[in-house]
Each structure stands twice: as structure tokens, then as C-alpha cells.
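Please open the structure in your viewer and keep the selection tool at hand.

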Amino acid sequence: MGSIVTAHDVEYIEIYTSDQRKTTDYFVSGMGFQEEARCRTGALESILLRRQEIQLVITSGPGTADFLAAHGDGIADIAFACEDPLAAHQGALAAGGRDLTSGNPAGPAVSGFGAVRHTLLKRSAGRPQGLPPGRDWVTSPKDAAQAGTTTELRLLDHIAVCLDAGTLHDTVRYYMDGFGFEQYSSEYVAVGEQAMDSIVVRSPSSGITFTIIEPDSTKKPGQIDEFLERNGGPGVQHLAFLVDEIIPAVVEFETRGIEFLQTPGTYYDALAERIDNLDETITDLRKTNVLADRDEWGYLLQLFTRSPFERRTLFFELIQRHGAQGFGSSNIRALYEAVERARAANS
């Protein structure tokens with residue numbers, strides 16, 4: 001456990017994009033986010049989107065050029081809500097973070113992983129969010145065309161992070177020592193000739209959860225290596241949104257233009273042997289490509305979107321929890337085995 005507790009929630013996530021209109025439409029039309037405000041700050045133009053307690057800042061402009069050239073569209077800032085931002089800032093610097101406050105309009109900021117920074121904002125736990133400070137926001141008029149979906153995104157379940165091989169444990173130590181996070185779980189996943197190591201850390205409040213992954217460099221390159229190459233280094237691989245009922249959510253989001261990954265039919269042929277007593281039928285899961293996984297506490301259902309961005313880096317997850325506290329790591333192996341079964345059947 002970290003020596004101090006300095007961050008308790010994700011205040012907002014800022015996405016740098018080369019096409020602000022298209023990215024905003026993806027979340028508003030596709031996922032039912034509401035546009036709350038707009039602003040221009042120096043060489044940056046930002047749009048604030050909100051759904052329940054999830055806040056996204058969609059930013060474009062000349063000030064994003066270097067980031068976009070190096071990494072493509074993706075997450076540049078995960079802002080933390082803190083009881084005492086200055087103490088959080090000092091704690092992170094003492095743990096080895098770099099000071100990124102200069103030029104940051106919102107206030108104190110420190111390095112995270114790769115090119116991702118953490119802006120540190122004052123908000124007590126349990127208090128409502130406000131507009132991110134340091135910017136001249138103009139509240140957007142409410143538009144009937146922005147009507148939300150019937151699917152409710154309840155909260156940000158977790159953030160998946162990909163790192164260079166050999167940096168996992170130092171990064172975990174940074175978040176524990178610098179922000180008071182706790183290690184929640186760890187797992188080594190091997191599939192065929194590929195493998196990855198992962199550690200989950202979260203704030204004591206459970207308001208921030210990072211699933212941090214590195215590839216095993218002694219194995220053949222896999223999907224994490226591919227992400228790192230396309231992203232130009234470490235970064236956020238996906239955001240996971242918690243939903244109450246994933247099957248109708250997938251159906252609705254697809255009608256709104258969100259594209260999800262397809263699951264091999266052979267995955268469902270073996271699902272009943274892997275997981276019993278599902279409330280949902282395997283037929284319904286098969287129709288919607290939804291994946292299932294079980295741990296000692298229960299089971300979960302999940303499905304990943306295709307990345308809407310040119311470099312195919314950042315994507316999104318819908319997750320429904322029936323007691324399960326894990327993150328679906330067994331599905332990595334199950335999908336690999338399904339593909340192998342399909343390949344063998346067609347050979």
C-alpha cells in the first residue's frame with residue numbers, strides 16, 4: 001500500500017484528436033454522451049462531454065500537433081480529483097514523476113506513463129464534478145438531437161494501460177508510492193507463443209482503477225507489442241464503461257454506428273464447459289458477440305469496440321458484472337483457442 005492517499009477519482013479524461021467533430025459525434029451519437037461546454041485555450045479547442053460521472057474532454061488544434069504526430073488520436077491526460085492537489089503533486093514528484101505544470105492551464109500536473117499526464121484538481125470525495133478549471137468554458141445549449149441512449153453507462157470501470165516490456169513493476173511502484181494506490185491483483189497470461197504480464201492498481205476509494213500490462217519480451221510479439229508500435233510507445237489501450245445490461249446495450253450501440261469486434265463461433269461452442277449458470281443464454285451472447293468470464297466471486301460479460309481512430313490504438317469496452325471482480329483475462333486465452341479450433345476445422 002502507498003504511504004499516502006492523494007487521488008480518489010478520475011475527474012476527466014482528455015482525448016487529443018485530429019478530427020474533433022468526428023470524435024465528438026462518436027461519443028454523442030454513438031454512446032449518448034451530452035455536450036456540456038466548449039472553450040478555446042491558447043492553441044487548444046476543447047469540447048466537454050458528460051455521461052453520469054464520466055467526463056471526456058475532446059481537444060484539437062495546433063497545440064495537439066506534436067502529440068498526434070507521435071501517437072495519433074488518443075488520451076493525453078487522465079485528471080485526478082484530489083483532496084489536496086499540492087500534496088499530490090509533491091508526492092508524485094518524490095516518487096519519481098516529472099513536473100508538467102508549466103503551460104498546463106488547469107493547474108498542477110505530473111507525468112504518468114508514456115506521453116500521458118495527470119492534472120491534479122481539488123475536489124472532495126462525494127462532491128459533484130464541475131467544469132475543469134483554468135479554461136474559459138462556454139456552456140453549450142441543450143440540443144434535442146443529443147438525446148441520450150436508453151443504455152446507461154454507469155461509471156468508468158477501469159483504464160487499460162500498455163507499457164514497454166520491463167517497466168511494469170517500476171510503473172506500479174510509482175502509482176503506489178506517488179498516489180497512494182494499492183495493488184489489487186496480478187496475472188501472467190500466456191497464449192500460444194505470446195504472453196503478457198499484468199498488475200491491477202486502484203485508489204483506496206476504488207474511484208481509479210488501472211489495469212497495467214507489459215508484453216513478455218522472451219516470447220513472440222503479440223497484441224501489446226502491436227499497440228506499442230502503432231501508438232509510438234506506452235499509452236491507454238482502452239476505457240471500460242460499466243453497464244447494467246450489456247446485450248441490449250450492444251444492440252442499441254450498433255444501431256447508433258458503434259462497431260464491435262466479432263467473436264469466432266467456436267468460442268461459444270466451448271462456453272458452456274467454461275462457465276455454467278449464466279443468466280443470459282449462450283444464443284443471445286453468440287448473436288451479440290458478447291464474451292463471458294468467471295472468477296471466484298461471480299461472472300462478467302464484456303465486449304470491445306473497434307478503434308474509431310486511424311492508428312487503431314485506443315478503443316472502448318462495455319462490461320457488465322454479476323459479482324465478478326476480475327477483468328476477463330481468461331477470454332484472451334479462450335479467444336485464441338477458438339481461433340485455433342476454427343483454423344483446424346477449415347484445414
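Start by selecting F67, I75, N231, G235 and V236: of the 14 residues that line the largest cavity, these lie nearest its centre. A cavity here is a set of points on a 1 Å grid over the protein atoms alone where a 1.4 Å probe fits but cannot get out, and lining residues have an atom within 4 Å of a point. The model is a predicted one, in which local features need pLDDT of at least 70 and side-chain atom pairs count only at pLDDT 80 or more, while totals for chains, interfaces and linings use all residues. Residues are numbered from 1 along each chain as its sequence is written, and side-chain values use heavy atoms, with hydrogens and water left out.

The volume of the largest cavity is about 80 Å³ (the space filled by probe spheres set on the grid points, which are joined across faces, edges and corners). Searching the whole structure turns up one cavity of 30 Å³ or more. Now colour helix 2 (65-71), strand 5 (74-82), helix 5 (223-231) and strand 13 (235-243), the elements that each give two or more residues to the lining of the largest cavity. Helices (H or I, at least four residues) and strands (E, at least two) are DSSP runs, numbered from the N terminus. Which classes of residue make up this lining? There are eight nonpolar, five polar and one charged (nonpolar means Ala, Val, Leu, Ile, Met, Phe, Trp, Tyr, Cys and Pro; charged means Asp, Glu, Lys and Arg; the others, Gly among them, are polar).

Next, find an open sheet of eight strands in the order 6-7-5-1-4-3-2-8, with mixed pairing. Two strands pair if DSSP finds at least two bridges between them. Strand 6 (109-111) and strand 8 (138-139) are its edges, each pairing on one side only. Strand 8 pairs with strand 2 (residues 34-41) in the antiparallel sense over two bridges; select R38 to see its bridge partner in strand 8, V138. Helix 1 (residues 20-31) packs on this sheet and touches strand 1, strand 3 (44-51) and strand 4. Contact means heavy atoms within 4.5 Å.

Move on to another open sheet of eight strands, ordered 10-11-12-9-13-16-15-14 and also mixed in its pairing. Strand 10 (182-191) and strand 14 (291-295) each have a single partner strand, so one side of each is left without a neighbour in the sheet. Inside this sheet, seven bridges join strand 11 (residues 194-202) and strand 12 (residues 209-215) in the antiparallel sense. Select V200 and look across to T211 in strand 12, which stands opposite. Helix 6 (residues 246-255) packs on the sheet, touching strand 9, strand 13, strand 15 (298-304) and strand 16 (315-322).

For the last stop, go to the second largest pocket, with a volume of about 340 Å³ (a pocket is an open set of grid points with protein on both sides within 12 Å along at least five of seven lines). Select L155, L156, D157, S206 and G207, the closest to its centre of the 20 lining residues. Strand 1 (9-16), strand 4 (54-60) and strand 9 (153-162) each give two or more residues to this lining. Which strand gives the most? Strand 1 does, with five residues. By class, the lining has nine nonpolar, five polar and six charged residues.

Key: Axes fitted to C-alpha atoms, helices over the stretch in contact; angles between N-to-C directions.
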